[in-house]
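This briefing covers a single protein chain, topic by topic. Please have the sequence and the coordinates at hand while reading.

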Amino acid sequence: MVRRRADSGKSPDDTNTKTAHPIIEKPTRDRPYLIVLAGTSMGAMKLLERETTIVGRAEKADLRIIDDGISREHSRVLREGDKLVLEDLGSTNGTYCNGVRITRQVLAEGDKIMIGTSTILKFTFHDQIDEIFQQQLTESALRDPLTRIYNKKFFTDRVQGEFTYAERHRLPLSLLFLDIDRFKSINDTHGHPVGDFVLQELSALMLKSLRTEDVLARYGGEEFAIICRGLDLPPAELLAERICRAIENHRFESGGKVIPVTVSIGVARSPDARFRNASDLVAAADENMYLAKRSGRNRICAQPPSADDETTEIIERKN
């Protein structure tokens, strides 16, 4: 026997109206951006919201890129009605769009722009969801997932550009290499979660001692590196001393336990006749760091001030 369902008094249209999903409009991709795909500023994003956006290595540039092959005011993007126009500003090495040197070019979605020796930009439109995704993508590529400071790859790319720039313009560039003393013992005694806590806390503490233009990176394990543009050896040593003191005096406490933490720091500075490239500068800072550890830890080791001076300065921290 077939039973007929009782009439509810509702028409099919009534039911469909109540269960239908609301229409969600697709976000409009109308926010123009320049994104640095390669070079010392890789990952940087610049929203082209002004009438004129200057790209160059000058401090006042809207998108500043430290690349020795980029002019102080290299190029600009102009708003002309509903179009965005890329113009070269008489740069030494030229501005290239999709492989062709240009003086003036109307930009289109996906255009690749090359300036300097290694910097590649992409012109694209984003909506708010795109912006968040791009920022997260950039963060994951350039940042250490635990400490949220820069990772080794970013450091390696950046120090190359900074070294070349400093050498060409005869400007000082200091490099600090830092290692947490007896970090294995911290992990073995308190466990790896506490070790992770120390790495995070120490990273945040160091950032408070640095200038905006300084670059802090996790080089590997319990090792960190700091690039200090425009900083000569004496002030770099003072910075290292300040960091040493701040870490030694900080109360690292986790799970009701206080963990004593100290660091050893190596300092090297360019320009210097002994350093032919960025790798030499990195090796010197790294070697000085290990010398500081071999000399008793919780101290700073700086390179000799000149190639003729064989004395390496070791600054011992006193309790």
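Is Glu80 buried, partly exposed or exposed? Glu80 has a relative accessible area of 36%, so it is partly exposed; buried means under 20% relative accessible area, exposed over 50%, and partly exposed in between (1.4 Å probe, protein chains only). The model is a predicted one, in which local features need pLDDT of at least 70 and side-chain atom pairs count only at pLDDT 80 or more, while totals for chains, interfaces and linings use all residues. Residues are numbered from 1 along each chain as its sequence is written, and side-chain values use heavy atoms, with hydrogens and water left out.

**Confidence and overall make-up**

- The mean pLDDT of the protein chain is 86, and 82% of its residues reach 70 or more; pLDDT is the predictor's confidence in each residue, from 0 to 100.
- Over residues 1-6 pLDDT stays under 50, and the model has zero contacts beyond four places in sequence for them; a contact means heavy atoms within 4.5 Å.
- The protein chain holds seven helices and 19 strands; helices (H or I, at least four residues) and strands (E, at least two) are DSSP runs, numbered from the N terminus.
- Of the 319 residues in the protein chain, 46% are buried.
- Among contacts in the protein chain with a separation of 6 or more, 58% are between residues 24 or more positions apart.

**Salt bridges**

- The whole structure contains 20 salt bridges; a salt bridge is a side-chain nitrogen of Lys or Arg within 4 Å of a carboxyl oxygen of Asp or Glu.
- Arg104 and Glu80 form one of these, with the closest N and O atoms 2.7 Å apart. Arg104 is in strand S9 (residues 104-106) and Glu80 in strand S5 (residues 75-80), so the pair ties together parts that are 24 residues apart in sequence.
- Arg104 also forms a salt bridge with Glu87, where the closest N and O atoms are 2.5 Å apart. Glu87 belongs to strand S6 (residues 83-88) and Arg104 to strand S9, so this pair ties together parts that are 17 residues apart in sequence.
- Arg104 is partly exposed at 43% relative accessibility, whereas Glu87 is buried at 13%.
- A network of salt bridges links Arg76, Glu80, Glu87 and Arg104.
- Arg211 and Asp214 form another salt bridge, with 2.7 Å between the closest N and O atoms. Arg211 is partly exposed, with a relative accessible area of 31%, and Asp214 is buried, with 10%.

**Largest pocket**

- The largest pocket holds about 520 Å³ of space. On a 1 Å grid over the protein atoms alone, a pocket is an open set of points where a 1.4 Å probe fits, with protein on both sides within 12 Å along at least five of seven lines, and lining residues have an atom within 4 Å of a point. Grid points are joined across faces, edges and corners, and the volume is the space filled by probe spheres set on the points.
- Its lining has 21 residues, and Ser41, Ala44, Tyr150, Phe154 and Arg158 lie nearest the centre.
- Strand S4 (63-64), helix H2 (128-142) and helix H3 (152-169) are the elements that give two or more residues to this lining. H2 gives the most, with three residues.
- The lining of the largest pocket divides into nine nonpolar, five polar and seven charged residues. Ala, Val, Leu, Ile, Met, Phe, Trp, Tyr, Cys and Pro count as nonpolar, Asp, Glu, Lys and Arg as charged, and the others, Gly among them, as polar.

**Ser209 and its contacts**

- Ser209 is in helix H5 (residues 192-209) and is buried, with a relative accessible area of 15%.
- Not counting residues up to four places away in sequence, Ser209 touches Leu239, Arg242 and Ile243.
- The C-alpha atoms of Ser209 and Ile243 are 6.7 Å apart, while the two residues are 34 apart in sequence.

**Backbone geometry**

- Ser270 and Pro271 are joined by a cis peptide bond, with omega about 0 degrees. Pro271 is in the loop between strand S17 (263-270) and helix H7 (278-294).
- Asn98 is not a glycine, although it has a positive phi of about 55 degrees. Asn98 is in the loop between strand S7 (95-97) and strand S8 (100-102), and is partly exposed at 46% relative accessibility.
- Arg182, also a residue other than glycine, has a positive phi near 50 degrees. Arg182 is in the loop between strand S12 (173-180) and helix H4 (183-190), and counts as exposed at 52% relative accessibility.
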